[in-house]
Every structure is written in structure tokens, then in C-alpha cells.
Amino acid sequence: MSKRVVVDPITRIEGHLRVEVEVDENNVITDAWTASTLWRGIETIMKGRTPMDAGLLVQRICGVCTFSHYRAGIEAVEDALDVKIPKNAELLRTLMQQALYMHDHVVHFYHLHALDWVDVVSALSADPAKAAQVAMKYTDKPIAAGEGDLRATQERVAKLVSTGKLGPFANAYWGNQTYKLSPEQNLIAVSHYLKALEVQRVAAEMMAIFGGKMPHPQSLVVGGVTSVRDMLSPARLQEFKHKHGIVTDFINRAYVPDVVMAAEAFKSEGSVLGGVGVKNFLATQDFALGNGKYLFEGGVIMNGDLANIQPIDPNAIKEDVTHSWYDANDAQHPYDGTTDPNYTGMIKRDTVYGELPTLDEKGKYSWVKSPRYNGEPVEVGPLACLLVNYGKGNKAVVDAVNGLLELTGLPIEALFTTLGRTAGRLLQTKLVADSVDETLNALITNLLADEATYVEPVMDPSKEYKGHSMIEAPRGMLSHWVRIKNGVVENYQAVVPTTWNSGPMDAAGKKGPYELSLIGMKLEDPTKPLEVIRVIHSFDPCMACAVHVMDFKGTDLGEYTIK
Ligand code: NFE
Ligand code: MG
């Protein structure tokens with residue numbers, strides 16, 4: 001007898017995500033469906049507006065990767081109007097992107113994903129003196145340094161537990177048998193979790209130095225950046241460098257050792273050794289270094305074939321809505337894409353929690369569309385970026401990947417797992433952090449000879465234009481597509497990283513990365529599905545990005561029972 005397990009809401013993500021799985025009598029997942037239960041409306045409100053405002057409006061798609069949508073919106077219009085921005089502007093955009101990644105990935109690992117690997121309650125029984133020794137095993141200068149520091153962390157958490165109000169640590173599956181770290185290792189990680197709350201603020205400040213504020217920076221315009229002399233003064237550049245040093249130090253002395261520690265502890269835990277169901281990957285070139293080169297190259301991997309990486313064909317991208325709550329006849333290319341909502345409801349059935357409204361997998365069941373590349377689902381994100389660059393022989397990436405495999409004793413196949421996805425995000429963070437000096441130096445050198453930060457775009461209202469941007473956002477490849485007519489936006493579509501990964505089945509019944517990654521995994525206890533959450537979190541879901549359309553009419557979209 002199969003049973004249905006419902007996880008809703010998945011917390012520690014951005015937005016609203018529901019996962020349903022069927023498990024057999026051995027608690028092995030036999031089928032899975034993922035849905036966003038939130039409806040928003042940004043693509044539609046772009047119509048009829050000046051393309052010069054596109055970036056500022058579409059950055060509201062999300063409060064997390066605000067810079068990514070901002071930049072993608074502006075670069076789509078620049079592509080349409082054939083604007084080539086000055087080198088200073090290009091480098092400044094790269095520096096902001098680097099800061100975004102350093103912020104976003106650190107927050108994801110510690111505050112959104114770590115508690116899938118770290119049992120906070122177990123940390124209470126650790127011996128702080130022993131933990132101080134254990135920390136030295138993974139780095140000679142641990143952030144969680146010394147017995148006193150670790151004991152203070154333990155006392156802080158114990159105090160929280162004694163009040164009975166666990167705050168951020170409430171309602172988790174503590175004690176689950178798939179937690180593998182020792183009490184001492186858990187204590188080290190909890191100490192870094194708390195420290196990361198401070199460090200992420202410094203990374204956000206890096207963004208604000210060039211963006212004016214964070215989130216939702218304001219310094220990009222069609223044609224370049226508004227950052228003129230004041231923003232590019234030596235004092236500002238120095239401030240950026242200083243904050244970069246603080247965050248990089250944390251990455252080297254906490255994030256790297258913690259992932260190595262987790263890899264060692266979890267390398268025989270079955271539920272983290274699956275988790276890559278779709279072996280197709282897509283990543284675009286990004287992080288322009290100002291010399292015509294990019295930190296990361298782009299390409300498409302099909303069927304896990306790293307030896308045969310193809311260039312991206314923008315015409316191969318289409319979005320299918322067969323199982324999404326929208327109307328459209330066929331899969332659509334984003335230049336001609338529509339976003340017409342059609343909510344069809346849920347169906348009641350028996351679950352491990354009793355009778356509940358559940359996803360209607362034979363009909364429509366998610367607000368997320370299903371992007372496809374030549375009709376195939378693909379995974380995007382840090383892992384996709386690393387695999388594409390590893391396969392193409394990008395030296396920095398090859399060295400970083402091989403270095404980590406050596407350090408952890410993991411085989412190359414381990415990349416194609418939940419653990420690999422999480423370790424891949426770490427390596428991307430480190431590569432990005434390590435490229436900042438080169439970018440800053442290129443900017444400083446260029447500023448000595450050339451102060452241009454902006455070229456005025458020219459738009460002829462009697463002409464029609466179309467353009468798109470493809471960039472890497474922290475969760476993967478992001479593309480924006482714009483058509484301009486009579487001087488205003490005629491159509492606007494965003495094909496977003498989390499949409500690629502979390503979309504429902506397509507017309508051919510093909511499942512996307514989230515759904516396929518769950519199938520075949522065994523749950524220790526279906527009423528406490530930690531393993532499901534760990535796999536899904538490894539993608540770093542952002543449903544706000546994935547859906548980006550909004551219910552203005554307050555329509556009743558469904559009823560939910562949250563257990
Ligand atoms: Ni809302 Fe986003 C990123 C974009 S996600 S966070 O990264 O674009 O899918
Ligand atoms: Mg879209």
C-alpha cells in the first residue's frame with residue numbers, strides 16, 4: 001500500500017513551496033510532485049511601460065536575488081537597443097554580483113540549509129574542550145576557536161531550550177537518524193550558524209557600497225551605472241576590499257571546513273547520495289572580468305556527458321504549462337510567452353496526516369511553469385555551473401573541484417548528489433570570493449585612464465526591438481526576454497532558475513529536477529521527512545522568483561492544513 005506524504009510549507013526558503021511524495025511499504029519514495037502555492041504578477045505589469053524602467057520594476061520579483069533581476073532586466077533592454085556599456089560599468093556590475101553571491105550562498109548554507117545536516121539539540125551534549133580539538137582537524141585557524149567560545153555558544157542555545165521557546169530552532173526533526181555529525185561537530189556548526197548572522201550583514205554592506213542599498217540596489221541604468229566619482233572613490237573601493245576580507249575569512253575558516261566535515265560524516269548516508277534525477281545541466285557565461293573573459297563559461301550538458309558540452313541555443317528554451325495553473329496551447333518561447341492564470345484547485349485524498357486537499361497530478365498542480373531545453377528538463381545552479389566549467393577544463397574550477405574531492409576522499413560521482421550540490425555551492429562561493437581582487441584591480445587600472453560609466457541609449461519609437469539577457473543568478477541561469485514596440489514594453493518574460501528546477505511535469509510527462517531528485521530515496525520516518533527537506537533545500541528554492549505573478553483579486557486559491 002502506498003502512502004502520500006505532504007510537506008507544506010517547506011520552510012527556510014523564499015516563497016511558498018509544497019512537496020508531495022508517495023512512499024511504498026518500505027518508505028521508499030516512488031513518485032513526487034512539487035508545487036508553488038503562491039501566485040504573484042510581474043511579467044504582466046511590465047506591458048505598456050517604458051523599457052528604461054524594466055530593471056527597477058522586475059527587481060521586485062524577489063527580495064533575495066534583487067540584483068539579478070535588476071541586472072537581467074536592464075541587460076535585456078540593452079541587448080534590444082544594442083547598447084554596449086563602458087568597461088567601468090561592466091566591472092562594477094561584476095563586483096556587485098560577486099558581493100551578492102558571497103551574501104546569498106553564506107546565508108543559504110548556514111541559515112537555510114545547515115539545520116538539515118546539523119542537529120542543534122545534539123550540540124547540547126557536546127564537550128566544548130573536545131569540540132575545540134575537533135575544529136582544529138578541519139582548519140588550523142577555526143572561526144569557532146577555543147573551548148570558551150564553544151562553551152558560550154552551548155550555554156546560549158541551552159538557555160533558549162530551557163525557556164521552551166526554541167525560536168529559530170523550533171519544529172525541526174531533531175534526533176532523526178540521518179543526522180550524522182557528532183555532538184562536538186554539531187556544536188562547531190551551531191557556533192558558525194550564529195557567527196554567520198553577523199558576517200552576512202557585512203556581505204550585504206558590500207552590495208550597498210556600489211548599489212546604494214541592499215536589497216533592491218538602485219545604481220544600474222540602461223547604458224551603464226550611476227556610480228560616478230563619489231562611488232568609485234579610493235575610500236569606497238577600500239571599504240569594499242575591507243568587507244570582502246572579513247567575509248572571505250569566514251568562508252575560508254568556517255564554510256570550507258564545515259562542508260568538508262559534513263562530507264566526511266555523510267559520505268555513506270544513502271539519502272544524500274542520490275538527489276540528482278535530471279542529468280541535464282545548463283549554465284551561462286558570467287562574471288565578466290573586463291578583459292573579454294569570464295570567471296565562468298557557459299554551456300549545456302545532456303545525459304551527464306561532460307565530454308560533449310554544447311553552446312546554449314536561446315531558441316531551444318520554451319516554457320510548458322500543461323500541469324501549471326496557466327492557459328496556453330503549447331510550450332512557448334519566452335519572446336512570445338504568455339502568463340494567463342487558470343487555477344483549477346486541489347483534490348481531497350488520504351495522506352499520512354489523514355484526509356487533506358492534495359495536488360491533482362493528472363491535471364494542473366503548480367503556479368510554476370516548466371521550462372524545457374529542446375524539450376528536456378535541465379538543472380541549473382552552482383552545480384550546473386561547476387559541471388559545465390569542469391567539463392570545459394576551466395582551470396580554476398578543475399583545481400577547486402579536484403582539491404575538494406581529494407580533501408574529502410569523495411569520488412567524482414559524488415558531485416551528482418545532494419552532497420555534491422551543496423559542496424558545489426561552496427566551491428562557487430570560494431571561486432567568486434577569490435576573483436574579487438582581480439576585478440577590483442581591473443577597475444582601478446581602468447579608472448586611471450577612463451572614467452566613463454554610462455552611454456546614453458537610443459530608442460526610436462517608430463521601430464520594434466527585441467532582446468534578451470542570460471546571466472547567472474545565485475540559484476542558476478536567469479534569462480529575461482523583452483519585446484519593445486511604440487517605445488514601450490510589448491511583452492516581457494522571465495525564465496528563472498527556481499522555475500527550471502522546481503517546475504511540474506510537462507506535456508510529455510517528464511519531471512523536473514526537484515521531483516526526480518526525490519524518487520528512489522528511503523525515508524526513515526514518513527511523518528518526519530527530513531530527507532525530503534534536505535534534498536529540496538540543496539537546490540536553494542526561491543518560489544517568489546519561480547512564480548513572479550501575483551493575485552490582485554484576492555481569489556481563494558485553496559485550503560491548507562499545516563502540520
Ligand atoms: Ni528569488 Fe533567484 C536567484 C533568480 S531564483 S532568488 O538566484 O533569478 O530562482
Ligand atoms: Mg516567467
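**Strand pairing, helix packing and a ligand shell**

Strand 1 and strand 2 (residues 17–23) pair in the antiparallel sense over 5 bridges; strands are DSSP runs of E of at least two residues, helices runs of H or I of at least four, both numbered from the N terminus, and two strands pair if DSSP finds at least two bridges between them. This is a predicted model, in which local features need pLDDT of at least 70 and side-chain atom pairs count only at pLDDT 80 or more, while totals for chains, interfaces and linings use all residues. Residues are numbered from 1 along each chain as its sequence is written, and chains are lettered from A and ligands numbered from 1 in the order in which they are written.

Trainee: Which residue of strand 2 does K3 stand opposite?

Mentor: Strand 1 covers 3–7. Its partner here is strand 2, paired in the antiparallel sense. Opposite K3 stands V23.

Trainee: Which are the edge strands of the sheet?

Mentor: The sheet is open, with 3 strands in the order 1-2-3 and antiparallel pairing. An edge strand pairs on one side only, which holds for strand 1 and strand 3 (29–36).

Trainee: How are helix 8 and helix 9 oriented, roughly parallel or roughly antiparallel?

Mentor: The axes of helix 8 (residues 183–211) and helix 9 (residues 234–266) come within 9 Å and cross at roughly 155°. Axes are lines fitted to C-alpha atoms, for helices over the stretch in contact, and angles run from 0 to 180 degrees between N-to-C directions. Angles under 35 degrees count as roughly parallel, over 145 as roughly antiparallel, 65 to 115 as roughly perpendicular and the rest as oblique. Helix 8 is therefore, relative to helix 9, roughly antiparallel.

Trainee: How are helix 4 and helix 13 oriented, roughly parallel or roughly antiparallel?

Mentor: Helix 4 (residues 87–113) and helix 13 (residues 418–434) pack at about 150°, their axes 9 Å apart. That angle makes the pair roughly antiparallel.

Trainee: Which helix gives the largest share of the shell around ligand 1?

Mentor: Ligand 1 is surrounded by 17 residues, the closest being C62, A473, T498, C542 and C545; a residue is near if its C-beta atom, placed from the backbone, lies within 6 Å. Two or more residues each come from helix 3 (66–81), helix 15 (497–502) and helix 18 (543–547). The largest share, 3 residues, comes from helix 18.
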